[in-house]
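Biologist: I am new to this structure and would like a close look at a single part of it. Please take the charged side chains and the rings around that part in turn.

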Amino acid sequence: MRSWIDVDGDRPQVARRTISDQKFMWLMAANFSGNFYFEIMNDGGSVNAQRYLQFLQAALQSFSSDLNRNVKDFTVMHDNARPHVAMLVKQWLAQAGVATVKQPAYSPDVNLQDRFVFRNFETFRRGKLSRNAAEILSLTSQYLNAISTSALMKEFDHFKEDLASIIEAEGNYL
């Protein structure tokens, strides 16, 4: 690495990021009734089609039993990530009779998790250290339990208004 050296000859200090030895992935689903379903992946792996399908099946089963509804009564909104559009997932959703809505590409404003859940989680977890899956699961549970149903419903109302505005603007940026 080249750098300018001051008159004393001291090299400037460079801050370097360290790569964590553990990777945690948080999978989360929410419905309009204010229910959350989430899992923490702590095996360091990535979400593939099979893993996403398992999560999706578990989330829909949880919602259907909580709300005493059939799985086919739900609509799934997800983005264009490879696991979401994998043939395995598409076939299962079609076979189960679950409707899907695709989130437009590069549109975090129409992604409930990005615009509300994850943004607020960053503020909630500030200053709280999580070193393992149990601590992350505990922190996640605390956070989701702290979200009031009224706050979530208010966000859903804003979300619906924004979607209507996007439709009215024929998909153009607002």
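Biologist: What is the relative accessible area of Arg125, and how is Arg125 classed on that basis?

Modeller: The model is predicted. In it, Arg125 has a relative accessible area of 35% and is classed as partly exposed, because that class runs between the limits of 20% and 50%. The partner of Arg125 is Glu122: the two form a salt bridge, and their closest N and O atoms are 3.2 Å apart. Glu122 is also partly exposed, with a relative accessible area of 39%. Both residues belong to helix α4, and because they are three residues apart there, about one helical turn separates them.

In general, side chains of opposite charge can pair when their charged atoms come close. With a cut-off of 4 Å between a side-chain nitrogen of Lys or Arg and a carboxyl oxygen of Asp or Glu, the count for this structure is four salt bridges.

Arg115 pairs with Glu155, and the closest N and O atoms of the two are 2.6 Å apart. This pair connects distant parts of the chain, 40 residues apart: Arg115 is in helix α4 (residues 112-125) and Glu155 in helix α6 (residues 149-168). Arg115 and Glu155 are both buried. For Glu155 the relative accessibility is 12%, which means it counts as buried. Leaving aside residues up to four places away in sequence, Glu155 touches Leu112, Arg115 and Phe116. Salt bridges also join Arg115 and Glu155 with Asp162 in a network.

Helix α6 holds Lys160 as well. Lys160 is partly exposed, at a relative accessible area of 46%. Between Lys160 and Val110 there are 50 residues of separation in sequence, while their C-alpha atoms are 9.1 Å apart in space.

A further bridge joins Glu39 to Arg51, with 2.5 Å between the closest N and O atoms. Glu39 is in strand β2 (residues 36-41) and Arg51 in helix α1 (residues 49-67), so this bridge ties together parts that are 12 residues apart in sequence. Glu39 and Arg51 are both buried.

The structure has four aromatic pairs. One of them is Phe124 with Tyr143: the ring centres are 5.3 Å apart and the planes stand at 50°, so the pair is tilted. Phe124 is partly exposed, at 23% relative accessibility, whereas Tyr143 is buried, at 4%. Through ring pairs, Phe124 and Tyr143 form a cluster with Phe121.

The ring of Phe124 also has a charge over its face: Lys128 sits there, 4.3 Å from the ring centre. Elsewhere, Arg69 takes up such a place over the face of Phe74, 5.9 Å from the ring centre.

Conventions: Residues are numbered from 1 along each chain as its sequence is written. This is a predicted model: local features need pLDDT of at least 70, side-chain atom pairs count only at pLDDT 80 or more; totals for chains, interfaces and linings use all residues. Side-chain values use heavy atoms; hydrogens and water are left out. Helices (H or I, at least four residues) and strands (E, at least two) are DSSP runs, numbered from the N terminus. Buried means under 20% relative accessible area, exposed over 50%, partly exposed in between (1.4 Å probe, protein chains only). Rings of Phe, Tyr and Trp (its six-membered ring) pair if their centres lie within 6.5 Å; planes under 30 degrees apart count as stacked, over 60 as edge-to-face and the rest as tilted. A charge sits over a ring if NZ of Lys or CZ of Arg is within 6 Å of the ring centre and within 35 degrees of the ring normal. Contact means heavy atoms within 4.5 Å.
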